[in-house]
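Visitor: I'd like to learn how to read a fold like this one. Could you walk me through it, feature by feature?

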Amino acid sequence: MEYKNIIENQTFDEERSLYNIKDTLVQNCIFDGPKDGESVLKETRNITVKDCQFSLRYPLWHVQNYELINSSLDELTRAPIWYSHHGIINHCKIDGIKILRECSDTLVTHCTIDSPEFGWYCHDITVKDSTIDSQYIFLNTNNVKIENLKFSGKYSFQYMNNVEITDSYLDTKDAFWHSKDVIVKNSIVKGEYLGWFSENLTFINCKIIGTQPLCYCKNLKLIDCTMIDTDLSFEYSEVEASIKGHVDSIKNVKSGRIILDSVGEIINEDAVMETTGEIIIRDTINQMCSKEKCVIEKCCN
């Protein structure tokens, strides 16, 4: 980014201190002080904010084309980035509640973030090589790519569309509820009540941990996944699954087919709808086919 102006080594605490600056590098500045001013960089354009410290509310609202680099935003920077577009947030530590609201075209990389409501109502967001703690991450957000994320929270990835997550660790519960077109690859997903009411949710080479996962799903797919401590799984789901190892229990599968090595209990009772899902143990199908003529796809793998 080319700069017409450089602002550095200063402290700002007044309302809208640098309002509507353009084509500017803001470097090694502190946004804090007794005047406790809000919206210090509101409506700015084509800016880079580098090596700065923030302790004031709403610092980056309605910003276009920005870079926030190697900076810290403490818990007093409430709702720090809203309605801002075309941004890069790199090597930052951010602790303000409600980070990223109604933002787009944003790359978050090498960041550590603690925000109970992160990334709501956004679109076209990429997160890479970061750690995020958020009770409600990415509510109603679309077109998201996540790579190498260490995440902890509770009610995560809900009401989302078009999401791809790879090489990540997700410690969560009630994840992906009502979400559509989600692919999770090479990841660990730990938590309760995973994926309920989702549509077109796919897990590839993932480890899934926790009680009552993947119920009421439409077009659910599991490809070469493992499941640990997963009881009462797949209730009323439309599912095609290839699972390595054991599942504690499976209940009232609406339709489709689940292939696995073993299952502790298959429960077919008290269903409120027709349940025709097949559960197939590999030892059984190995007796039905050979490498030359396999009656069930991939059963000999």
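Guide: Happy to. Keep in mind that this is a predicted model.

Visitor: Which residue of β16 is the bridge partner of T109?

Guide: K128 is the partner of T109 in β16. Strand β14 (residues 112–114) also pairs with β16, again in the parallel sense, over three bridges. There, I113 stands opposite I132 of β16.

Visitor: And how many bridges join β16 to β18?

Guide: Ten, and β16 and β18 (residues 142–155) run parallel.

Visitor: Now a single residue. Where is S84 found, and is S84 buried or exposed?

Guide: For a residue, I'd ask about location, then accessibility, then surroundings. S84 sits in the loop between β10 (81–82) and β11 (85–90). Its relative accessibility is 0%, so S84 counts as buried, the cut-off for that being under 20%.

Visitor: What surrounds S84?

Guide: Leaving out neighbours within four places in sequence, S84 is in contact with L60, W61, H62, V63, Y66, E102, C103, S104 and T106. One of these, V63, has its backbone nitrogen 3.0 Å from a polar atom of the S84 side chain.

Visitor: How many aromatic pairs are there?

Guide: With ring centres within 6.5 Å as the rule, the count comes to 21 aromatic pairs. Take W196 and F197: their ring centres are 6.0 Å apart and their planes are at 70°, so the pair is edge-to-face.

Visitor: Are W196 and F197 buried or partly exposed?

Guide: One of each. W196 counts as buried because its relative accessibility is 14%, while F197, at 34%, counts as partly exposed. Elsewhere, ring pairs link F118, F138, F151, F157, F176 and F203 into a cluster.

Visitor: How far apart are V247 and D261 in sequence and in space?

Guide: V247 and D261 are 14 residues apart in sequence and 8.5 Å apart in space, C-alpha to C-alpha.

Key: Residues are numbered from 1 along each chain as its sequence is written. This is a predicted model: local features need pLDDT of at least 70, side-chain atom pairs count only at pLDDT 80 or more; totals for chains, interfaces and linings use all residues. Side-chain values use heavy atoms; hydrogens and water are left out. Two strands pair if DSSP finds at least two bridges between them. Helices (H or I, at least four residues) and strands (E, at least two) are DSSP runs, numbered from the N terminus. Buried means under 20% relative accessible area, exposed over 50%, partly exposed in between (1.4 Å probe, protein chains only). A polar contact is a pair of N or O atoms within 3.5 Å; within protein, one must be able to donate a hydrogen and the other to accept it, and residues adjacent in sequence count only if both atoms are side-chain atoms. Contact means heavy atoms within 4.5 Å. Rings of Phe, Tyr and Trp (its six-membered ring) pair if their centres lie within 6.5 Å; planes under 30 degrees apart count as stacked, over 60 as edge-to-face and the rest as tilted.
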